[in-house]
Amino acid sequence: TVLLGYPPFIKDVIDAGRVEGIEWARYQTKCVFAGEVFSEEWRTLLNERIGSQTPCFDSASLYGTADGGVLGNETPYSIAIRRWLSRHPAVARDWLGESRLPTLVQYDPCSRFFELHDDGTLVVSAENSVPLVRYHIADQGGLIGFDAMQTLLAEQGVHGMDDLGLSKDYQPRRLPFVFVFGRADFTVSFYGANIY
């Protein structure tokens, strides 16, 4: 069973199902989220409620816009790094510039190309039905290359996949990372609705 949607809605579905006696673990439930940033504590809670044994593989968040489509997605590697950063908030603040934890996804630069605008917001170029060229998303965030991420982790003593809670044989795709805090225009997303 795969549940897809806004994180708070998915949680409501899981909680309502538990009240009705649904044993989510029996269905090997996976979750795909989009639209809102959530904490790793929240992901852990949801994984417990669905009976997940592999938190980096049983849920993933998509990052995108209505006009740009899916721009990036969480991978087991990006989830493991984000979970590690949630346990090391001083490192997260040093790397990402803020104390709150952003969404951290990987993207394919062959189909989506991100740049950082002067004000710390993201712009993207992508070939869609209407091509986007340096489209200003207005999301506050940043970029970290794959090799740069590995260097940052190594500087913190993280040298292998097993240091992140993954199998040491796991081979991540060598894709760059984009991190997203949300809208820079004081917009808050609530159940997918933007509130200014």
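**Second largest pocket.** I started with the second largest pocket, and about 180 Å³ of space lies in it. I keep in mind that this is a predicted model. Why look for pockets with a probe at all? Rolling a probe the size of a water molecule over the atoms shows where empty space is left. I then looked up the lining: 14 residues line this second largest pocket. Nearest its centre I noted Asn73, Gln106, Tyr107, Asp108 and Leu175. Which element gives the largest share of the lining? I found strand S4 (residues 69-73), with four residues.

**Main core.** Next I went to the largest nonpolar core, and it has 25 residues. I wrote down Tyr77, Ile81, Leu85 and Leu153 as the ones with the most contacts inside it. I checked which elements give two or more residues to this core, and got helix H3 (76-87), helix H4 (89-96), helix H5 (146-155) and strand S9 (177-183). H3 supplies the largest share, six residues. There is also a second, separate core of eleven residues, and I spotted Leu71, Leu122, Val124 and Ile137 in it.

**Leu85.** Skipping its neighbours within four places in sequence, I see Leu85 in contact with Val91, Ala92, Trp95, Leu96 and Leu101.

**Helix H4.** Several of those names came back when I listed the buried residues of H4: Val91, Ala92, Trp95 and Leu96. Why do they sit on the same side of H4? I found that they cover an arc of only 105 degrees around the axis, so they end up on the same side of H4. I reminded myself that an α-helix has 3.6 residues a turn, so residues three or four places apart point the same way. What do the buried residues of H4 pack against? My list reads H3, strand S8 (132-144), H5 and S9.

**Arg83.** Back in helix H3, I stopped at Arg83. Is Arg83 buried or exposed? I'd call Arg83 buried, because its relative accessibility is 16% and the cut-off for buried is under 20%. I looked up what Arg83 touches, not counting residues up to four places away in sequence: Glu40, Arg43, Thr44, Pro55 and Cys56. With one of these, Thr44, I also found a polar contact, side chain to side chain, at 3.4 Å.

How values were computed:
Residues are numbered from 1 along each chain as its sequence is written. This is a predicted model: local features need pLDDT of at least 70, side-chain atom pairs count only at pLDDT 80 or more; totals for chains, interfaces and linings use all residues. Side-chain values use heavy atoms; hydrogens and water are left out. A nonpolar core is a set of buried Ala, Val, Leu, Ile, Met, Phe, Trp, Tyr and Cys residues joined through side-chain atoms within 4.5 Å. Buried means under 20% relative accessible area, exposed over 50%, partly exposed in between (1.4 Å probe, protein chains only). Contact means heavy atoms within 4.5 Å. A polar contact is a pair of N or O atoms within 3.5 Å; within protein, one must be able to donate a hydrogen and the other to accept it, and residues adjacent in sequence count only if both atoms are side-chain atoms. The arc is that of the directions from the helix axis to the C-beta atoms. On a 1 Å grid over the protein atoms alone, a cavity is a set of points where a 1.4 Å probe fits but cannot get out, and a pocket is an open set with protein on both sides within 12 Å along at least five of seven lines; lining residues have an atom within 4 Å of a point. Grid points are joined across faces, edges and corners, and a volume is the space filled by probe spheres set on the points.
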